[in-house]
Every structure is written in structure tokens, then in C-alpha cells.
Amino acid sequence: VQLQASGGGLVQAGGSLRLSCAASGSPFGMTDIGWYRQAPGKQRELVVGFSSTGGTNFADSVKGRFAISRDNAKNTVYLQMNNLKPEDTAVYYCKIVQFAKNYWGKGTQVTVSS
């Protein structure tokens, strides 16, 4: 499985971006999908995760502003980010778990200017 993340860019505070994560290969056995981010000097953190057994979990910092969705026909997961803040600036990564194995996509940079 290969993941390709895209959609990052530079946006002003209060703006929106939609990130995409396209997965190659069969979705069979895929159980978890997540978006993570890593800001300079900080550890990678979960932004939102979807589990087939545990539902959807958002980081407190993005609740009410970010949403996750998926298009099964396109094998693509989206992260809609609204009301962006400078502290959302980070490299964003998508991750899936398939047959208990983690697959990470290359990150996409999101920069929010104040």
C-alpha cells in the first residue's frame, strides 16, 4: 500500500484547506485511518483518527474545525480544515492500518499565517 498526501499550502488565519490522502492497492483489511501532524521541534501528534471499532477521535485543538471523510470509490481520505490558526502550522501525514500494519504517507506542509 502506498499513500499520497496532497493539498497543503499557505493560508491566512481563518482560512480553509482540504488535504487528500490517496491510497493505492486494495482497501481490504483496512481498519484504521488517521491524520497526524508534526510541527517543528514537536512530536508527531494525532489530529483525527477513525477506527472501524472505535469511531472517530479528534484532538481537542481541532474539534469543531476539522472533519474527516472518505471516498471509498477513489480510495481517498480527506481532511477538511476550517478556521485555521497559526498553531495548525505543521507537516501533515496520513496513516492507515491494514492487516495490523502501519502505512504512512509522505507529509504535506500546511502553513497558516497570522
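Trainee: Why is lysine 95 said to have no salt bridge?

Mentor: Let me first say what we are looking at. This is a predicted model, where local features need pLDDT of at least 70, side-chain atom pairs count only at pLDDT 80 or more, and totals for chains, interfaces and linings use all residues. Residues are numbered from 1 along each chain as its sequence is written, and side-chain values use heavy atoms, leaving out hydrogens and water. Now the rule: a salt bridge needs a side-chain nitrogen of Lys or Arg within 4 Å of a carboxyl oxygen of Asp or Glu. For lysine 95, the nearest side chain of opposite charge is aspartate 32, 7.0 Å away, so by the 4 Å cut-off no salt bridge is called.

Trainee: What does the side chain of lysine 95 make a polar contact with?

Mentor: With the side chain of tyrosine 36, at 3.3 Å. A polar contact is a pair of N or O atoms within 3.5 Å; within protein, one must be able to donate a hydrogen and the other to accept it, and residues adjacent in sequence count only if both atoms are side-chain atoms.

Trainee: How do you know that cysteine 21 and cysteine 94 form a disulfide?

Mentor: Their sulfur atoms are 2.1 Å apart, and the rule asks for a pair of cysteine sulfur atoms within 2.5 Å. Cysteine 21 lies in strand 3 (residues 17–23) and cysteine 94 in strand 9, so the pair ties together parts that are 73 residues apart in sequence. Strands here are DSSP runs of E, at least two residues long, numbered from the N terminus.

Trainee: Why is cysteine 21 called buried?

Mentor: Its relative accessibility is 4%. Buried means under 20% relative accessible area, exposed over 50%, and partly exposed in between, with a 1.4 Å probe and protein chains only. Cysteine 94, at 2%, is buried by that rule too.

Trainee: What makes arginine 37 and glutamate 45 a salt bridge?

Mentor: Their closest N and O atoms are 2.7 Å apart, which meets the salt-bridge cut-off. Arginine 37 is buried at 5%, while glutamate 45 is partly exposed at 35%.

Trainee: Which aspartate forms a salt bridge with arginine 37?

Mentor: Aspartate 88, with the closest N and O atoms 2.9 Å apart. That pair links distant parts of the chain: arginine 37 is in strand 4 and aspartate 88 in the loop between strand 8 and strand 9, 51 residues apart. Aspartate 88 is buried, with a relative accessible area of 1%.

Methods
Lys and Arg count as positive and Asp and Glu as negative; His and the chain ends are not counted. Helices (H or I, at least four residues) and strands (E, at least two) are DSSP runs, numbered from the N terminus.
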